[in-house]
Structures are given as structure tokens and as C-alpha cells.
Amino acid sequence: QVQVAESGGGLVQPGGSLRLSCATSGDTDSIIAMGWYRQAPGGNRREMVATIGSGLPTVYADFVKGRFTISRDNAKNSAYLQMNSLEPEDTAVYFCNAETIRYGTRSPYWGQGTQVTVSS
């Protein structure tokens with residue numbers, strides 16, 4: 001199993017920046033990709049923000065518009081999301097996902113989420 005923990009959320013003014021961090025532990029050798037997802041207030045659906053994986057293309061949601069950058073540090077078993085030019089519409093709980101494969105079985109692991117609030 002893999003444990004996932006996000007950090008770095010908070011309150012920021014429109015146009016500001018935040019850097020989210022995602023730390024993993026446990027069976028980290030089984031991780032094939034990591035990603036960031038978000039769930040807006042009152043929403044019941046998580047939408048993909050960005051994903052990154054070894055040998056896989058980095059994917060961004062259209063609404064990122066070049067404002068966000070996902071990165072991964074394999075040595076630290078961590079992933080990051082640099083968010084610039086934040087807009088009120090970016091307010092959401094941001095979740096980190098670790099996609100794993102072990103013995104031919106794929107399993108996703110999620111953190112508890114970190115709140116990002118963009119408001120003046």
C-alpha cells in the first residue's frame with residue numbers, strides 16, 4: 001500500500017501563487033504515475049488538474065492554461081503543483097493521486113486533500 005499526504009494549501013489573493021506538495025510512503029516502488037485533482041465547493045466530482053508519470057506524457061486540464069506546472073521528485077517520492085495566476089474559480093480541495101501497479105493489478109491511492117481558497 002501507499003500513503004499519500006498533501007500540503008501547501010491556503011488562502012491566496014487572485015493573481016497569487018501557491019505550491020502544493022504531495023509526499024508518498026510505503027510501497028513507493030509501485031507508483032507509475034502521480035496526479036493532482038480538485039473538487040470545487042459543493043461539487044461531488046473530482047476533476048483532473050495534471051498528471052505525470054515515468055515514460056508517460058504530462059497532461060494538463062484545459063483550464064490550467066499554462067498557469068500550473070506539475071513536477072515529480074522520484075528521489076523524494078514526491079510530486080508538486082506550482083500554481084500561478086490563481087483565480088477565484090481555482091478554489092477547491094486539491095487531492096493528490098498515486099497510481100500504482102503491483103503483480104499486474106493497478107490501484108489508485110488518494111490523500112485527504114488540501115484546501116485552496118482564492119479570494120480577495
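This report describes the fold, the disulfide and a few individual residues of a predicted model.

**Overall build**

The protein contains 11 strands and zero helices. Read from the N terminus, the order of elements is therefore β-β-β-β-β-β-β-β-β-β-β. The radius of gyration is 14 Å, close to the 14 Å that the globule rule gives for 120 residues, so the protein is as compact as a globular protein of that length. The C-alpha trace spans about 50 × 25 × 25 Å along its principal axes.

Of the 120 residues, 40% count as buried. When contacts between residues at least 6 apart in sequence are considered, 53% of them join residues at least 24 apart. The side chains include 10 positive and 10 negative ones, and the centres of these two sets lie 1 Å apart.

**The disulfide**

A search of the whole structure finds one disulfide. A disulfide is a covalent bond between the sulfur atoms of two cysteines. Here the partners are Cys22 and Cys96, with their sulfur atoms 2.0 Å apart. Cys22 belongs to strand E3 (residues 18-26) and Cys96 to strand E9 (residues 92-102), so the pair ties together parts that are 74 residues apart in sequence. The torsion about the S-S bond is about -80°, so the disulfide is left-handed. Both Cys22 and Cys96 are buried.

| Residue | Relative accessible area | Class |
|---|---|---|
| Gly9 | 33% | partly exposed |
| Asn77 | 29% | partly exposed |
| Tyr103 | 80% | exposed |
| Arg106 | 53% | exposed |

Gly9 sits in the loop between strand E1 (2-7) and strand E2 (10-12). Not counting residues up to four places away in sequence, Gly9 touches Leu18, Leu20, Thr114, Gln115 and Val116. Gly9 and Gly113 are 104 residues apart in sequence, and their C-alpha atoms are 8.9 Å apart in space.

Arg106 is part of strand E10 (residues 105-110). With a relative accessibility of 53%, Arg106 counts as exposed because the cut-off for that class is over 50%. Its contacts, leaving aside neighbours within four places in sequence, are with Ile32, Glu99, Thr100 and Ile101. Arg106 and Asn77 are 29 residues apart along the chain, and 18 Å separates their C-alpha atoms.

**Positive phi angles**

Most residues other than glycine have a negative phi. Asn77 is not a glycine, yet has a positive phi of about 55°. Asn77 occurs in the loop between strand E7 (68-73) and strand E8 (78-83). Tyr103, also not a glycine, has a positive phi of about 55°. Tyr103 is found in the loop between E9 and E10.

Methods. Residues are numbered from 1 along each chain as its sequence is written. This is a predicted model: local features need pLDDT of at least 70, side-chain atom pairs count only at pLDDT 80 or more; totals for chains, interfaces and linings use all residues. Side-chain values use heavy atoms; hydrogens and water are left out. Helices (H or I, at least four residues) and strands (E, at least two) are DSSP runs, numbered from the N terminus. The radius of gyration is taken over C-alpha atoms; the globule rule is 2.2 Å times the number of residues to the power 0.38. Buried means under 20% relative accessible area, exposed over 50%, partly exposed in between (1.4 Å probe, protein chains only). Contact means heavy atoms within 4.5 Å. Lys and Arg count as positive and Asp and Glu as negative; His and the chain ends are not counted. The place of a charge is taken as NZ of Lys, CZ of Arg, CG of Asp or CD of Glu. A disulfide is a pair of cysteine sulfur atoms within 2.5 Å.
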